[in-house]
Amino acid sequence: MKLLEIQSSVREAGSISRDLSQVFIQAWQQAHDASPSPIEHRKRDVGLTPPAHPTALWTQANYLPPESRSPEMLQALSESETLIEELLWADHLLFGVPMYNFSVPATLKAYIDNVVRINRTFAFDPSNHRYQGLASGRKALIITPSAGDFVVGTPLGHLNFCDSYLRSLLGFIGIEDITVVAVPSQFMDDETRQQAVATARAELTALSTGW
Ligand SMILES: Cc1cc2nc3c(=O)[nH]c(=O)nc-3n(C[C@H](O)[C@H](O)[C@H](O)COP(=O)(O)O)c2cc1C
């Protein structure tokens with residue numbers, strides 16, 4: 001089992017998404033200790049080390065067949081290639097994604113712009129206008145804390161573009177097995193905040209044996 005952990009909080013100390021990711025990884029590793037295939041774990045920290053945004057050269061290179069790319073173009077795409085290879089290496093993806101202005105952090109968007117690429121993670125058939133995800137067969141877990149309560153299905157859930165965006169995006173590249181663990185109300189009173197963390201911990205512990 002190959003786990004890629006992708007963290008996007010811009011802070012390390014006090015980060016709920018990072019702390020709960022560690023809780024989950026520890027429980028998941030313990031639950032699979034006796035498994036015949038060893039667990040491999042890689043971490044990509046786009047919060048602390050964001051990938052470069054695509055440039056004009058990057059875009060030009062992306063739409064050319066690999067054999068037609070100049071050395072400069074290959075260089076422009078090299079970080080993206082590394083990130084895609086790492087993503088496709090994994091069969092389990094754990095995303096730590098704080099809600100930032102109702103959506104994902106810009107650091108994660110930069111990562112997404114680098115990994116969602118034609119003929120690498122999705123394909124398009126012009127004869128029937130169909131898209132096909134090329135990253136199917138993977139599982140994704142998204143741990144998403146927020147200051148307020150914008151959990152989908154609650155009164156302000158329509159403002160949550162984090163869940164819907166990541167579900168659509170991962171589905172687009174073929175990843176259908178997606179679990180979202182929300183950790184709302186982190187700027188509310190202590191009791192409310194702690195209760196949300198405890199609920200998320202319980203959800204993650206329960207998930208760790210079957211994921
Ligand atoms: C730039 C920025 C924008 C934020 N936008 C929202 C928001 O739209 N809704 C919300 O409930 N919380 C928002 N927050 C609060 C974070 O989601 C919350 O502090 C969360 O715990 C951060 O994740 P972390 O603890 O893993 O760093 C924002 C925080 C930052 C830094």
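A salt bridge is counted here when a side-chain nitrogen of Lys or Arg lies within 4 Å of a carboxyl oxygen of Asp or Glu. The structure is a predicted model, in which local features need pLDDT of at least 70 and side-chain atom pairs count only at pLDDT 80 or more, while totals for chains, interfaces and linings use all residues. Residues are numbered from 1 along each chain as its sequence is written, and side-chain values use heavy atoms, with hydrogens and water left out.

**Salt bridges**

| E81 | R117 | 3.1 Å |

Helices (H or I, at least four residues) and strands (E, at least two) are DSSP runs numbered from the N terminus. E81 forms its salt bridge with R117; because E81 lies in helix 3 and R117 in the loop between helix 4 and strand 4 (122-125), the pair ties together parts that are 36 residues apart in sequence. E81, E85, R117 and R120 are linked in a network of salt bridges. With buried meaning under 20% relative accessible area, exposed over 50%, and partly exposed in between (1.4 Å probe, protein chains only), both E81 and R117 are buried, whereas R120 is partly exposed at 22%. D113 and K109, by contrast, are four residues apart in helix 4 and so are separated by about one helical turn; D113 is partly exposed with a relative accessible area of 26%, and K109 is partly exposed at 34%.

Rolling a probe the size of a water molecule over the atoms shows where empty space is left. On a 1 Å grid over the protein atoms alone, a cavity is a set of points where a 1.4 Å probe fits but cannot get out, a pocket is an open set with protein on both sides within 12 Å along at least five of seven lines, and lining residues have an atom within 4 Å of a point. Grid points are joined across faces, edges and corners, and a volume is the space filled by probe spheres set on the points.

There is one cavity of 30 Å³ or more, and the volume of the largest cavity is about 70 Å³. Its lining includes L87, F95, L108 and Y111; helix 4 (106-115) and helix 5 are the elements that give two or more residues to it, with helix 4 supplying the largest share, four residues. The largest pocket holds about 300 Å³ of space and is lined by 16 residues, of which R11, P98, S146, A147 and F187 lie nearest its centre.

**Backbone exceptions**

S185 lies in the loop between strand 7 (177-183) and helix 6 (190-208), where its phi is near 65°, a positive value in a residue other than glycine. At 8% relative accessibility, S185 counts as buried.
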